[in-house]
Amino acid sequence: MEDFYQILDVLDYPEAKVLATIISVKGTAYKKEGSSMLFFSDGSQIGMLTAGCLEQDLALKVREVFRKHETMILRYDLYMEDDLNWGQGTGCNGILEILLEPVTEQLTEDLLLVKDLLKQHKPVIVLKKLDDLGEYIFIEGDGEPFGQWSGPLPTIEFTSKSGIVTRDGSTVYQQTFHPKPRLIVFGAGPDALPLAALAAETGFSVVICDWREAYCQKENFPAADQLLVGFPNELLKQISFSPYDFVVIMTHQFKRDQELLTKILHENIKYLGVLGPRERTRRLLKYEEIPHGIFSPIGASIGAKGPVEIAVSVVAQMIEVWRKPSHERVELLWTIPD
């Protein structure tokens, strides 16, 4: 998942910081527009922009940003296979433009507000001026824009795609930050252990739910962000579902699974998977046709056997769903008043 979530979690680190963001890719690249990396003045780093092709050179360029406290744009031509281009000879067949920004106190405050909004399941758009480096604005649909921006705000399109665009005659970089995807697992049996661990490692926020308190323990799910104990009715009252939620039902108790499935079926969520054969899911639905939005049998078709391989197949399928092109997600057009 995006390194941006990790970056938001280390904003209170006391060292000075520089944020690096890929704003343009021409040709092929290991990561695309919107990928971010954080450099600290003590030499430590969070995230990656390539497979190690240019991070070392970036670290040298970042020193200049620390020294001048100015935003800058770097251009790397990775098509060349020799060392004459910029000294690395990677031959990655792409041209990258990377925006380097000193993380000021103002930007830190604004990013922390972005973090809070994402936790509330609210996507946030950022615009960064490329004609006047250093100016940016964050926009959330229900609130006031915030940041450092002079002049009127342009009309923007709410989309998952990041990149350089022209808005009302100005060249800007636009990116949408989506809330971190959340995996809610109903069932804390042994086969849920590898699923929770792998999903958390991949970048999902994990919630484990079960009525059996002996199973639903932090020692069993150390990477889980939340553990909820209760029967289905009690659990569902504690959860506010969002379009960024992935739900897996795997309690192995037919009546419990049936109760959960029939109630979650109509929630506005991103993914709903049910462990077990497709015929069992039909029985859970009282032999009704399985709706298109339910993944049954769950997981990518890789011939998985055993809990660990099944966990791999499920996480692979969830990533595929999460990475669907922007036109397959809800898009809105926001006009920001003067």
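Reader: Which elements do the buried residues of H4 pack against?

Author: In this predicted model, the buried residues of H4 are Ala192, Pro194, Leu195, Ala196, Ala199 and Thr202. H4 itself spans residues 192-202, and what its buried residues pack against is a set of strands together with one helix, namely S12, S13, S15 and H8.

Reader: Which residues of H8 does H4 meet, and how many charged residues are in that contact?

Author: From H4, the residues taking part are Pro194, Leu195, Leu198, Ala199 and Thr202, and they meet Pro307, Val308, Ala311, Val312, Val314, Val315, Met318 and Ile319 in H8. Sorted by class, the contact of H4 with H8 has twelve nonpolar residues and one polar residue, while the number of charged residues is none.

Reader: What is the angle between H4 and H8, and what word describes how H4 lies to H8?

Author: Two packed helices are described by the angle between their axes and by the distance between those axes. For H4 and H8 the axes are 8 Å apart and the angle is about 40 degrees. The crossing of the two helices is right-handed. Because angles under 35 degrees count as roughly parallel and those of 65 to 115 as roughly perpendicular, the angle of about 40 degrees makes H4, relative to H8, oblique.

Reader: Which element gives the largest share of the largest nonpolar core?

Author: This core has 27 residues, and those touching the most other members are Leu183, Leu195, Ile208, Phe246, Val248, Tyr271 and Met318. Two or more residues each come from strand S12 (182-186), helix H4 (192-202), strand S13 (205-210), strand S15 (245-249) and helix H8 (306-322). The largest share, six residues, is given by H8.

Reader: Which residues is Leu183 in contact with, leaving aside its neighbours within four places in sequence?

Author: Leu183 is one of the residues that touch the most other members of the largest nonpolar core. Once its neighbours within four places in sequence are left aside, the contacts of Leu183 are Leu195, Ala199, Phe204, Ser205, Val206, Val207, Phe246, Val248 and Met318.

Reader: Is His69 buried or exposed?

Author: His69 is found in the loop between helix H2 (55-68) and strand S4 (72-77), and its phi is positive, about 55 degrees, although it is not a glycine. Its relative accessible area is 61%, and since over 50% counts as exposed, His69 is exposed.

Reader: What is the relative accessible area of His121?

Author: His121 also has a positive phi, of about 65 degrees, without being a glycine. This residue lies in the loop between helix H3 (105-119) and strand S6 (124-129). His121 is partly exposed, and its relative accessible area is 29%.

Reader: Where is the cis peptide bond that involves Pro297?

Author: Pro297 lies in the loop between strand S17 (294-295) and H8. With omega near 0 degrees, the cis peptide bond is the one that runs from Ser296 to Pro297.

Reader: What separates the C-alpha atoms of Lys129 and Met318?

Author: Lys129 is found in strand S6 and is buried, with a relative accessible area of 16%. Along the chain, Lys129 and Met318 are 189 residues apart, and the separation of their C-alpha atoms is 34 Å.

Conventions. Residues numbered from 1 in each chain as written. Predicted model: local features only at pLDDT ≥ 70, side-chain atom pairs only at ≥ 80, totals over all residues. Heavy atoms only, no water. Core = buried A, V, L, I, M, F, W, Y, C linked by side-chain atoms within 4.5 Å. Buried < 20%, exposed > 50% of the residue type's maximum accessible area, 1.4 Å probe, protein only. Helix = DSSP H or I, 4+ residues; strand = E, 2+ residues; numbered from the N terminus. Contact = heavy atoms within 4.5 Å. Axes fitted to C-alpha atoms, helices over the stretch in contact; angles between N-to-C directions. Parallel < 35°, antiparallel > 145°, perpendicular 65-115°, else oblique. Left-handed = near helix turned anticlockwise from the far one by under 90°. Nonpolar A, V, L, I, M, F, W, Y, C, P; charged D, E, K, R; others polar.
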